[in-house]
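Here's a quick tour of a predicted model. Have a look at the structure first, then read on.

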Amino acid sequence: MTFTIADLTRPEFEELIHERVLVIPVGSVEQHGPHLPIGTDSHITAALVDELVRLRGEQLVLAPQIPISASDEHTSFQGTLSMGSNLLSAMLKAITSHLSIRPRTLLVSAHGGNLAAFLEASTPFWVPRTHVLIEAAANWELPADARGLWEPDAHAGRTETSVMLALRPDLVRLSQAVSGYNGPLSPVGAILATDGIRGVSTTGVLGDPSGANREEGLAILAALAADLVRTFDQVNT
Ligand SMILES: [Zn+2]
């Protein structure tokens, strides 16, 4: 049985957390071009956590999703709410250090832009390893089955559009979809770091949503979920 922290009493939590991992989902509120909802990463995070609960529910306690995170690279577009990396890492450190019992904790986010804050918070975490920002973490190794999934269409491109067509097709405005920056991301890393997404893409898209489809989205979700479960199992040892 899976337990949600808000539904437990204190003694129940104390009893359970010795043997379980506290899973804290982290969403994001950031522009995803003209065709995907602003909550795209939150929807994907929730779906992946649902799958983790289905497969490992007996081994975790679920915290509520933190709705706003680090999206400063998108703030030159409307619709982005961001607290920035420094504040997010400070908040995560505070939340985990204030727990009277220090459980094993896993942060889960489909928003790769949270990577810097997660690394700084020194808490085990999972983000899609295929995201561009993973390159910043030299000690990360890309699993073979995840290579190529997210590169080069890192943001609101074919990958995320396919995933959203699988999860919430009612929220995808496919007729509004436009392409964005389609080159490799490594050479423009410095521009992204200083000027954000707008520095390389006026549409707010990195990649091209053309050809996105539900079947591809289901396959990507399955690969991401398998990677998340692997990370969970590493934390839960
Ligand atoms: Zn996204």
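## The cores

The largest nonpolar core has 29 residues, and Val 23 and Leu 48 have the most contacts inside it. A nonpolar core here is a set of buried Ala, Val, Leu, Ile, Met, Phe, Trp, Tyr and Cys residues joined through side-chain atoms within 4.5 Å; buried means under 20% relative accessible area, with a 1.4 Å probe and protein chains only. Strand E2 (21-25), H2, strand E3 (60-62), strand E4 (105-108), H5 and helix H7 (214-235) each give two or more residues to this core. H7 gives the most, with eight residues. Helices (H or I, at least four residues) and strands (E, at least two) are DSSP runs, numbered from the N terminus.

There's also a second, separate core of 20 residues, including Ile 66 and Leu 107.

## Strand E4

Thr 105 and Leu 107 point one way from E4, Leu 106 and Val 108 point the other way, and all are buried. In a regular strand, side chains alternate between the two faces of the sheet.

E2 and E4 run parallel and are joined by four bridges; strands pair if DSSP finds at least two bridges between them. Val 23 has Leu 106 as its bridge partner in E4.

## The zinc site

His 32 (NE2), Asp 41 (OD) and Glu 160 (OE) coordinate the zinc ion at 1.9 to 2.1 Å. Asp 41 lies in helix H2 (residues 40-56) and Glu 160 in helix H5 (residues 158-167), so this pair ties together parts 119 residues apart in sequence. Asp 41 and Glu 160 are both buried. Donors are N, O and S atoms within 2.8 Å of the metal (3.2 Å for Na, K and Ca); water is not among the atoms, so sites may look incomplete.

## Ground rules

Residues are numbered from 1 along each chain as its sequence is written, and side-chain values use heavy atoms, leaving out hydrogens and water. As the model is predicted, local features need pLDDT of at least 70 and side-chain atom pairs count only at pLDDT 80 or more, while totals for chains, interfaces and linings use all residues.

Definitions and conventions:
Buried means under 20% relative accessible area, exposed over 50%, partly exposed in between (1.4 Å probe, protein chains only).
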